[in-house]
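Please look through the sequence and the structure shown here. The paragraphs that follow start at the DNA and then turn to the protein chains.

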There are 2 protein chains.
Amino acid sequence: MAARQEAALELVLSLHRLLRSLRRASPTGGLQPTQLIVLSQLTEAGPSRIGVIAERVPCSQPTATAVVAELESLGLVRREPDPTDGRATRVAVTEEGAGALRGVAYGEAEALLERLGSLPPQDAARLLEAGPLLRLLAETRGTG
Amino acid sequence: MAARQEAALELVLSLHRLLRSLRRASPTGGLQPTQLIVLSQLTEAGPSRIGVIAERVPCSQPTATAVVAELESLGLVRREPDPTDGRATRVAVTEEGAGALRGVAYGEAEALLERLGSLPPQDAARLLEAGPLLRLLAETRGTG
DNA sequence: GGCGAATGCATAGATGGTCGATACACGTGA
DNA sequence: TCACGTGTATCGACCATCTATGCATTCGCC
């Protein structure tokens, strides 16, 4: 159905433009998107291994290693040896990390809220409600 | 309102993860996201100048120049001198460009549709309907 | 009509994020 | 103990993007 494909295309394009726009609007708002994703993943799922993080972000394992190293240098996460497997590393969020995540200092979310204010309240509410839906979609892998 | 901020944060995170996931799922599906955005902008707004393109994508002017150059080398757009201003260049979509845009070959849109199939139909419909809304949001600049 | 300031675009150089390939460390099973 | 599989770190490179800069053209003003 062509209409459906066009709608999907427009949706993808809108998503790209929105994120691009938000990124440009947040002046060094603090953490990079990938860092924030990792942080939120760890907060929800608890201490996780590098490979699991990479799988969920999603990103490559080297990228996950680099992001975790950066977060560690910022004191937002700590790496502990996996008690059950000497090869693995478990990454856990620190108090500071949890605070950084909860804090609204994240520029993109602020920029998004700011723009939501310019929409009709019902539209803004619909978009915010779409968050969990999009989240579900992001977690869907494969054919679905 | 903290709940609203958390919802916005989750929305942003979901958007990032979704796009990241779609990008990884589409194997060199063809055009880069920025290229596709430029193409769609030109299709909707007609021949435009580099600066206008950069403003709408949004991206820096050098990025717009590079993207247009790449699209031109692919035969998807052509650059013509602005008849009213010798400094400016007008970029127009070619037949091939319009075809490339219309074609559903774009991997990310396909991957998105594929995943939408795993959602309840009403949820999928709601997300597709959110496209214009997100588009509106992406076009909002400044304080709003 | 001519000259300085402003505008539009192209180029150069640098940065950051991401990836594939590879090397190393550890656990597992024989 | 040894071979093999698994988890992580490192290496090298690529791509997209940015800021800063230079060149060509137009505009405002005298």
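DNA strand C has 21 residues around it, and those that come nearest are Ser60(A), Gly86(A), Arg49(B), Gly51(B) and Pro62(B). A residue is near a molecule or strand if its C-beta atom, placed from the backbone, lies within 6 Å of it. Two or more residues of this surface come from each of helix 4 (61-73) of chain A, helix 3 (50-56) of chain B and helix 4 (61-73) of chain B. Helices (H or I, at least four residues) and strands (E, at least two) are DSSP runs, numbered from the N terminus. Helix 4 of chain A provides the largest share of the surface near DNA strand C, with four residues. By class, the residues of that surface are seven nonpolar, nine polar and five charged. Here Ala, Val, Leu, Ile, Met, Phe, Trp, Tyr, Cys and Pro count as nonpolar, Asp, Glu, Lys and Arg as charged, and the others, Gly among them, as polar.

This is a predicted model, in which local features need pLDDT of at least 70 and side-chain atom pairs count only at pLDDT 80 or more, while totals for chains, interfaces and linings use all residues. Residues are numbered from 1 along each chain as its sequence is written, and chains are lettered from A and ligands numbered from 1 in the order in which they are written.

Which residues come nearest to DNA strand D? Of the 21 residues around DNA strand D, they are Arg49(A), Gly51(A), Pro62(A), Ser60(B) and Gly86(B). Helix 3 (50-56) and helix 4 of chain A, and helix 4 of chain B, each supply at least two residues of the surface near DNA strand D. The classes near DNA strand D are seven nonpolar, nine polar and five charged residues.

Next comes the fold of a single chain. Chain A has seven helices and three strands, and from the N terminus on its elements run α-α-β-α-α-β-β-α-α-α. The C-alpha trace of chain A spans about 55 × 35 × 25 Å along its principal axes. In the loop between helix 3 and helix 4 of chain A lies Pro58(A). The peptide bond from Val57(A) to Pro58(A) is cis, with omega near -5°. In chain B, Pro58(B) lies in the loop between helix 3 and helix 4, and a cis peptide bond with omega of about -5° joins Val57(B) and Pro58(B).

Two packed helices are described by the angle between their axes and the distance between the axes. Within chain B, the axes of helix 2 (residues 33-45) and helix 5 (residues 95-102) come within 10 Å and cross at roughly 115°. Axes are lines fitted to C-alpha atoms, for helices over the stretch in contact, and angles run from 0 to 180 degrees between N-to-C directions. Helix 2 of chain B is therefore roughly perpendicular to helix 5 of chain B (angles under 35 degrees count as roughly parallel, over 145 as roughly antiparallel, 65 to 115 as roughly perpendicular and the rest as oblique). Leu39(B), Ser40(B) and Thr43(B) of helix 2 make the contact with Gly97(B), Ala98(B), Ala100(B) and Leu101(B) of helix 5 in chain B. Two residues are in contact if their C-beta atoms, placed from the backbone, lie within 7 Å. By class, this contact has four nonpolar, three polar and no charged residues.

The two protein chains also meet each other. Their contact takes 51 residues from chain A and 51 residues from chain B. On the side of chain A that touches chain B, helix 1 gives the most, with 19 residues. That side has 29 nonpolar, eleven polar and eleven charged residues.

One pair of helices across this contact is helix 1 (residues 2-25) of chain A and helix 6 (residues 107-116) of chain B, which pack at an angle of about 110° with their axes 9 Å apart. The two are therefore roughly perpendicular to each other. Arg4(A), Gln5(A), Ala8(A), Leu9(A), Leu11(A) and Val12(A) in helix 1 of chain A meet Glu108(B), Ala109(B), Leu112(B) and Leu113(B) in helix 6 of chain B. The classes in this contact are seven nonpolar, one polar and two charged residues.

How are the two copies related? A rotation of 180° with 0.0 Å of shift along its axis superposes chain A on chain B, with an RMSD of 0.1 Å. Copies are superposed by least squares on the C-alpha atoms of residues with pLDDT of at least 70 in both. The two copies are thus related as by a two-fold rotation axis. In chain A, the C-alpha of Leu15(A) is nearest the axis, 3.5 Å from it. The same surface serves both copies, as 100% of the contact residues of chain A recur in chain B.
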